[in-house]
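Here is a short briefing for you on how the parts of one protein chain sit against each other. Have a look at the structure first, and then we can go through the contact together.

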Amino acid sequence: MSAKPKLHYFAGRGKMESIRWLLAAAGVEFEEEFLETRDQYEKLLQGGSLLFQQVPMVEIDGMKMVQTRAILSYIAAKYNLYGKDLKERALIDMYVGGTDDLMGFILMFPFLSAEDKEKQRAVIVQKATSRYFPVYEKVLKDHGQDFLVGNNFSWADVHLLEAILMVEEKSSDVLSGFPQLQAFKARICSIPTIKKFLEPGSQRKPVPDDKYVETVRRVLCMYYDVKAN
């Protein structure tokens, strides 16, 4: 029996959260080692575990994988969440790429000043409702299927649900003009592995708080000001 994947990151969302989501969606149990001190980070660096001197890092199948997209692609392929052929994989990559772009507007939100947070909140909602959600709304409407690609549950569906929930944390009624996405959200949330991950006590991380921000700043020596997009 192979060992559980081991995730090395902070005790918060960041770039690791999508990896947690995908493993959970696949029904894969995983362990986590949280970075809390600079010494822990230095130890990973000195041990050669961080190929590009960055986390996330995931130990899986005898590898120490870095680069979030590479980790996610590997997990998706390993657990049959990456389409049945190259064309489906290309669609999944496109949809995931678009969702990543949207998530990028949210990733650094916790590190902004209070004033910049209000500006960025408006940007997030505007980008979601005018650029990204209309694409997925049209895809679902045009093909009339339950999932984004090939009528099978895939990485693209997991990633989109994660993004929807993240944007809803900034504006609870953001899906009001998107009936297809409302139905999509309900369907994906009812999948047993997803439903379990959304329950209290799971390894899903909460909205980043001041403690998370301070830990990341301390471990990575981030003492500069982050600006809104």
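Into which domains is the protein chain divided? In this predicted model, residues 6-79 together with 198-220 form domain 1, while residues 86-191 form domain 2. The centres of the two domains, taken over C-alpha atoms, lie 22 Å apart.

**The contact between the domains**
- Domain 1 brings 21 residues to the contact, and domain 2 brings 19 residues.
- About 1,600 Å² of area is buried between domain 1 and domain 2, and carbon and sulfur atoms give 68% of that area.

**Salt bridges and polar contacts**
- You will find 4 salt bridges across the interface of domain 1 and domain 2.
- R69 and D100 pair through their side chains in a salt bridge, at 3.9 Å from N to O.

**The side of domain 1 that touches domain 2**
- Three elements, α1 (17-25), α3 (68-78) and α9 (210-220), each give two or more residues to this side of domain 1.
- By residue class, this side of domain 1 holds 12 nonpolar, 3 polar and 6 charged residues.

**The annotated region**
- An unreviewed UniProt entry carries the annotation "domain: GST C-terminal" for residues 85-209.
- Over residues 85-209, the chain is 67% helix and 0% strand.
- The C-alpha atoms at the ends of residues 85-209 are 41 Å apart.

Methods:
Residues numbered from 1 in each chain as written. Predicted model: local features only at pLDDT ≥ 70, side-chain atom pairs only at ≥ 80, totals over all residues. Heavy atoms only, no water. Domains from an automatic or database assignment. Contact = heavy atoms within 4.5 Å. Buried area = accessible area lost by both parts, 1.4 Å probe. Helix = DSSP H or I, 4+ residues; strand = E, 2+ residues; numbered from the N terminus. Nonpolar A, V, L, I, M, F, W, Y, C, P; charged D, E, K, R; others polar. UniProt positions renumbered as here; feature names shortened; annotations may be inferred.
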